[in-house]
Amino acid sequence: MTPGPRELRQETTLRVAVDRDRCCGAGNCVLTAPEVFDQDDADGLVLLRDPAPRDALRERVQRAADLCPTDAIRFD
């Protein structure tokens, strides 16, 4: 069954931000949540693929933030 408009509005999304100036290019975020993070081919620093991923990815984004050695990932 396809959810109606009310159900779609109930799903929350995260707000994710990255600080490329803090990033050291370890790549833990990409390995943990590739739907949300990528690495720049030129400099190896984090790229944010999805600044508002669905709430179902919250645990993986939290893990990526926890694994980041420079605290370059923020979310709420």
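How many nonpolar, polar and charged residues does the lining of the largest cavity have? The lining has 10 nonpolar residues, four polar ones and no charged ones. The classes are simple: Ala, Val, Leu, Ile, Met, Phe, Trp, Tyr, Cys and Pro are nonpolar, Asp, Glu, Lys and Arg are charged, and the others, Gly among them, are polar.

Ground rules next. This is a predicted model, where local features need pLDDT of at least 70, side-chain atom pairs count only at pLDDT 80 or more, and totals for chains, interfaces and linings use all residues. Residues are numbered from 1 along each chain as its sequence is written, and side-chain values use heavy atoms, with hydrogens and water left out.

Back to the cavity. The structure holds one cavity of 30 Å³ or more. The volume of the largest cavity is about 100 Å³. Of the 14 residues lining the largest cavity, Cys23, Ala26, Gly27, Cys29 and Cys68 are the closest to its centre. A cavity here is a set of points on a 1 Å grid over the protein atoms alone where a 1.4 Å probe fits but cannot get out, and lining residues have an atom within 4 Å of a point. Points are joined across faces, edges and corners, and the volume is the space filled by probe spheres set on them.

Now the cysteines. Cys23 is buried at 16% relative accessible area; Cys29 is buried at 10%. Buried means under 20%, exposed over 50%, partly exposed in between, with a 1.4 Å probe and protein chains only.

On to charge. Side chains of opposite charge can pair when their charged atoms come close. The count is four salt bridges, each a side-chain nitrogen of Lys or Arg within 4 Å of a carboxyl oxygen of Asp or Glu.

Start with Arg20 and Asp43, at 2.8 Å, N to O. Arg20 sits in the loop between strand 1 (16-18) and helix 2 (28-32), and Asp43 in the loop between strand 2 (37-39) and strand 3 (46-48), so the pair ties together parts 23 residues apart in sequence. Helices (H or I, at least four residues) and strands (E, at least two) are DSSP runs, numbered from the N terminus. Arg20 is partly exposed at 30%, and Asp43 is partly exposed at 41%.

Which residues are linked with Arg20 in a network of salt bridges? Asp40 and Asp43. Asp40 lies in the loop between strand 2 and strand 3. Leaving out residues up to four places away in sequence, Asp40 touches Arg20, Leu45 and Leu47, where contact means heavy atoms within 4.5 Å.

Next, Glu35 and Arg60: closest N and O atoms 2.9 Å apart. This pair links distant parts of the chain, 25 residues apart, with Glu35 in the loop between helix 2 and strand 2 and Arg60 in helix 3 (residues 58-67). Glu35 is partly exposed at 34%, and Arg60 is partly exposed at 32%.

Last pair: Arg58 and Asp55, at 2.9 Å, N to O. Arg58 is partly exposed at 32%, and Asp55 is partly exposed at 28%.

Key. On a 1 Å grid over the protein atoms alone, a cavity is a set of points where a 1.4 Å probe fits but cannot get out, and a pocket is an open set with protein on both sides within 12 Å along at least five of seven lines; lining residues have an atom within 4 Å of a point.
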